[in-house]
Every structure is written in C-alpha cells, then in structure tokens.
Amino acid sequence: MAAYSLLSTLSSPFSRSPNRTPKLPPLSLTSTSKPSFLFPTRKLSLPSLHSLIFNQSKNSSNNNSSNNYIVSSAFDSFFILCTSLALSFSLFVTDVGAASAFVVTPPRKLQSDELATVRLFQENTPSVVYITNLAVRQDAFTLDVLEVPQGSGSGFVWDTDGHIVTNYHVIRGASDLKVTFADQTTYDAKVVGFDQDKDVAVLRVDAPKDKLRPIPIGVSADLLVGQKVYAIGNPFGLDHTLTTGVISGLRREISSAATGRPIQDVIQTDAAINPGNSGGPLLDSSGNLIGINTAIYSPSGANSGVGFSIPVDTVSGIVDQLVKFGKVTRPILGIKFAPDQSVEQLGVSGVLVLDAPANGPAGKAGLRPTKRDAYGRLVLGDIITSVNGKKVTNGSDLYRILDQCKVGDKVYNQILPVYS
C-alpha cells in the first residue's frame, strides 16, 4: 500500500479529470528475511512498475482506457518529481554571491552643469591649501614654552616657486605657520610680505614642484551681477569644501580688519563663506581666480548669505610687489588725519590734517597741521576738500583717490583753512 499511496499523492494535483478518480488494484507485498550476526535485515520486494501495469492490463483487458490514464499520470508525476529535485539541488549548490553579478546598477547620470561643477572642484582642489597659525604660549605651571594653534584659514598656490597667497588676518600674530596641501602633506611656511591695508599676505614653502599647481588667474574688471561663482576652502578646519552662489553685488567697500583702511571694489557674493574660508579662492565658472574670500557680514560669525572677496585685479598688483620687494609701495600724502566723526562735529566735510611732517610731501607743499597755541588752545589745521578735482568728504574718499595714483605723481589739493 505504500507504493500506491506515493503514486496517488504525486498524481492527484496534476489529475487530468478531477471528477474521475482511478482505482488501482491491490498490491501484494512480499518480504524476505535473512539472519544476520547483529541485526535482522528486512527487505520489501515490490513488483516493478512495468510488471504491475503489464499484469494489470493482462487481467483486465476491458479497462484499457483506465490503464492508459494510470501510465500517463505516473510518468507525469515522475517527471515533475525529477524536475523538482534537480531545481532544489541546483539552488543548494549555487553560490548566492554569483547571482548578485546579474544585478545591473544603472550608471549615475549627472546634468551638464553638475559635471562642470564636479570637474571644477577636482581640477582646482590641489591648488588650495590649509594654513595653521601657531603662537608661542608659556605654560603657567611648568613654564614650558609651547606652540598652540591660534587660528586657521585657507590659501592657494600662486606660482611654481612656492608662493602661497592668503589674507593677512589669517597669519597675523603667528610665530610659525604650517601649510597643508590636498594630499595632507604639511610644510613650514615663511612670510614673504603682507599688505595690512588690503588684507593680503604672501607666504613661501619649500615643496616639490609636482605639488605646486598654480591656480589660473582671471580678471575681475568685467564681472557681472548674477554670474555664478565658486568658493573653495577649509571651513571650521574641515577638508576641502565647495560652496556655490552668484555675484550679488559689485564695487562694495569694506574696512581692513587690521588697519581699518577701506578696501574698494570688493565683490559681494551669496556663496557660503564661513570661518576657515578666509584666504581661499573665489572662482568663476571657468575655474579662474576672480577674488580672495576675506570677510562675511554676520552678527553670529556664521554665513548669512553676504560674503566679500577682494578682487583679483587688486590682489595681482599687491602680490607682484610683495614677491619682488617684500613690501607694497603705495602713494601717500604724508599726513595723519582726524577721525571722520570729529570733522562732522565741526559741521564741515573733508579730511582734517592732524600732522604733516615738514620733510613729507604734505609738509613741503605747505599744509598746516592741527596744533596748540601758547595758551594750550587747540588750533585746527587745514581740511582737505578735494584732490585732483575729485571731492573728498571723508578718509575713504581720500584713500580711494590715492589708490588710483602712482608714486611720484603730483596731486592738487583744495583745502579749507579753519585755523586762526
């Protein structure tokens, strides 16, 4: 009965006629036993399927159709059983990892502007460096002298001679400077020169030529409000980061963090500029340098969408002088003038001369300084109201006019004498 049950179970799900259930003749089971030394062995002897069907057809010649159905059902069940075993075995021995090779990941598709931005960052990152400002401090308990980082910022490679350009306020007060390149190699840097009035400084490192990749120099005179800009730097001491934005304003004026002297023609941008971005490059969409990120306008000290960059046209002239002479030669009148608030209290506009040394340009020209008389009373000096026909209302106007002159040029001042 065991063989009959097996065949019935396998064939029943695939029965061709659900309303017709064939009846199989009873099977005769014979067993033989043979003595064994340890355990008796019992064998079941089943007639072969072919013999079964042959005998069944011989004894029941009137049921040919039923016999044909049984043969077909048996072969179908046997075929399905073999197929199931083969599939199970193949799944068992097949490596699951190999199946994952057939999973095809679609390639990442970027837009043309995204590809341009990625390419710009990859090409210019090797030119941007990280600058660490170290200061000497003495331990209060051990009296040991230590070098402690007191600030950091960004910079960029100017030429293959190892000159690095950054902001002056990044290196101000440093006893030692460290410059770290994109591959995390660090070199000691020496100060070549700086311009406090324009917040520009030049360093020099002894690095291999293959690490010095100068950044392409652009032009800032033809910039337009609305064009895209890109800022690369190390904000908050992180690795190189890229922020994007547009030029939101041109010809802005800010004051130098060191001297308070105005810096004209500054670029205003909404690209995120955070602490640590100072000294880093501001690039146009072609990857050319158009400015140095120098300041942000934010009460909290974090980016608020208003950043400022010194234009590259101003930076180029300063860097050239610092590399050649170690200092910047800028035309001066040889005077010291009063704060703008003091002049406003007098009810006039212009620049009040406080001091004009006799051996200076202004002293030789006859400008009179502010002084006290024999009784200790304050005698005001001359007030400059115009230079070369251009109106001067405050110190910023005077600086702006002088920045357009060269050393040795003659200037014509219009003064308002207020002394008695």
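I started with glutamine 268, which is buried at a relative accessible area of 14%; buried means under 20%, with a 1.4 Å probe and protein chains only. The model is a predicted one, where local features need pLDDT of at least 70, side-chain atom pairs count only at pLDDT 80 or more, and totals for chains, interfaces and linings use all residues. Residues are numbered from 1 along each chain as its sequence is written, and side-chain values use heavy atoms, leaving out hydrogens and water.

Next I looked up where glutamine 268 sits: in strand β11, residues 262-269 (strands are DSSP E runs of at least two residues, helices H or I runs of at least four, numbered from the N terminus). Its side chain makes a polar contact with the side chain of arginine 252 at 2.7 Å (N or O atoms within 3.5 Å, one able to donate a hydrogen and the other to accept it). Beyond four places in sequence, I found glutamine 268 in contact (heavy atoms within 4.5 Å) with residues including Val246, Ser248, Val306 and Phe308.

Then I turned to the largest nonpolar core, which has 20 residues (buried Ala, Val, Leu, Ile, Met, Phe, Trp, Tyr and Cys joined through side-chain atoms within 4.5 Å). I noted that α7 (312-325) is one of the elements supplying at least two residues, and α7 gives the most, with five. Trp158 is among the residues with the most contacts inside this core; I listed Leu289, Val315 and Val319 among those that tryptophan 158 touches.

Last, I checked helix α10, residues 395-403, whose buried residues include Leu398, Ile401 and Leu402. Asparagine 394 caps its N-terminal end, with a side-chain oxygen 3.2 Å from the backbone nitrogen of serine 396.

How values were computed. Buried means under 20% relative accessible area, exposed over 50%, partly exposed in between (1.4 Å probe, protein chains only).
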